Amino acid sequence: MTFFFARLPPFAAMKTLARRLPGPLTLLWAAVMLVLTLTPAQEMPRTPAWKFLSFDTAAHAGVFAVLAGLAGLWARQRPRLRYPASLVLAGCLAFGALIEGLQYAMQLGRHAEWTDLLSDGIGAALGLALATVAGRRLLPASLGLALLLLPRPAPAQTTTGPDLPRARRTIAALAAPKMHGRGYVQQGEHLAAAYLRSRLRQLGLQPLAPDYTQPFTLDVNTFPGKMELQVAPVSTAITQPFWPSRSLRAGIDFIAAPASAGTVKRMPAIAFRLDTLAFTNASGQQALQQQIRQLNLPGQGLGPPVLVLTAPEEKRLATLPLRVQQTLDSIPNRVVLVPKLTASLSTTQSPAIRLEALDTAAVWRLRAHNGSAGLFILTLDAQLRHNYLTQNLAAIVRGSAQPDSFLVVSAHYDHLGMMGKGTYFPGANDNASGVALLLELAAHYARPENRPACSVVFLLFGAEEAGLIGSNYFVQHPLVPLARIKFLLNLDLLGTGEEGATVVNGRVHEAAFARLTALNAARHYLPRLTARGRAANSDHFPFSEAGVPAFFLYTRGGSQAYHDVRDQPAALSLAGFAGAFGLARDFLDELGAAR
Ligand SMILES: [Zn+2]
């Protein structure tokens, strides 16, 4: 039989094919690897199996074993190739390094690790050895292994905990540069909302409004365009056209205060360091007024002067005699020196320019010489957007027994947007982490076996950072009767947890807090739970004020990045994430979400 078939043309064709295959297959496999590893994590419904198993070194090794095996077969057919084995091995390692490098550079929400390279190398060596020993017989085996390693739906989750890798992907997706800080420039908050709609749809949650969307508008001050600041000490200023200056980086060395006005164009001005002698004696005050009058004389092509002072000094201004205060008011543009930059949003724009700058930046050394001045060149595009259309998202899992009784889980998805063209606020902890926890709870209750007795509503608020605007709007225009909400659990800042968590309103609803602590103690979810009184610091507040019992849960410890450019996914330990999930689920279950 074998003899008979061997003479048939197809077999000859197959032999030719088998000879020609290794080259193209190597390239194809390399291409598949590139596509799978470099697709942004958020667009992958599931991480490729080999990345999914990346703690399992074998998966990494397997992928590179296939690559090296195929490349080895290809090399065998090229007798003129010198040192084929070393060549293939070096090629595979270089390719592995390229992938890790690209993953790192593109900030895809995937982690680049040198240990991966080690596994790649071991796998490649193994594949190469096999190719050398087994020759072309290896081809079907490689293809089989390749198919095994290709992405496919992960097995249905059997545990009751959150899917931590998926939560990490949610956070990475929301904090990615292409979300532009989920604010009001470059459509950031719209992109975040679109991503979240698709997640709610994937989970099979029922919309509580058309397309899950409750639209509303707000006014908001933004910094969408140029943002440049150069500062030079006084000694070199004005007289020399090319004085040495330092450029400060927007978002890192300085930020615009929320309500700051901008400049129409590049604005050179004198930066005047407040003379603190004004706080100590009358002659100091006289000198200060004298200096300010001189400053306000029209300068050569200079804009209005800028007052430089520290935050505590600014507070002390109110203690100065009224006439001194009035003189100071004649220079409304200010740079306030602070130990940490904390950005925020405003719904109005003031007529004055106001920057906050890190007091550690050497350029502000002029502060050592009170009353001294420097030259300051600012370009700042500030745009107050009127009636900007944004949205809340609302979804529901209908209760099986009491569908008209509601438990609410809420989290805001918006953040601070951008500070100039080049800087965005990732908002990983605030509040991609809370959104990730909300989605994990939604995934839990959306599963048929966890169908709750009463309805569970999931609210994703917009415009929290601009002053709880989305949650206020919801309370004014509720999509479920507020009186039928048994409890609301607001999640904001859930990315840490080394020191446990705080429960705002824990002192208001003492019985509910006692239940929470009992659950926490029984199941060892979080190291500590601390109760706080009322606080208007997140979206639970408008509900609380409207009489809806509500807790606001946030984790403590770990990363201290807050409203700054360092609030990145990599900074989050998620130490309390699974604990907070268990606690929230058990608490909701007790309140009626159990089936
Ligand atoms: Zn927040």
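Strands β8 (residues 334-338) and β9 (residues 354-358) run parallel, joined by five bridges. Strands here are DSSP runs of E with at least two residues, helices are runs of H or I with at least four, and both are numbered from the N terminus; two strands pair if DSSP finds at least two bridges between them. This is a predicted model, where local features need pLDDT of at least 70, side-chain atom pairs count only at pLDDT 80 or more, and totals for chains, interfaces and linings use all residues. Residues are numbered from 1 along each chain as its sequence is written.

Let's walk along that pairing. R334 sits opposite R354 in β9, and V335 has L355 as its bridge partner. On to the neighbours: β7 (residues 306-310) pairs with β8 over four bridges, again in the parallel sense, with L309 opposite V336. Strand β5 (residues 254-256) runs antiparallel to β9, and three bridges hold that pairing; there, I255 faces E356.

Now for a pair of helices. The axes of α16 (residues 510-523) and α18 (residues 577-593) come within 10 Å and cross at roughly 125°, the axes being lines fitted to C-alpha atoms over the stretch in contact, with angles from 0 to 180 degrees between N-to-C directions. So α16 is oblique to α18, oblique being whatever is left after under 35 degrees (roughly parallel), over 145 (roughly antiparallel) and 65 to 115 (roughly perpendicular). From α16, R515, L516, L519, N520 and R523 make the contact, and from α18, G582, L583, D586, F587 and E590; contact needs C-beta atoms, placed from the backbone, within 7 Å.

Technical notes
Contact = placed C-beta atoms within 7 Å.
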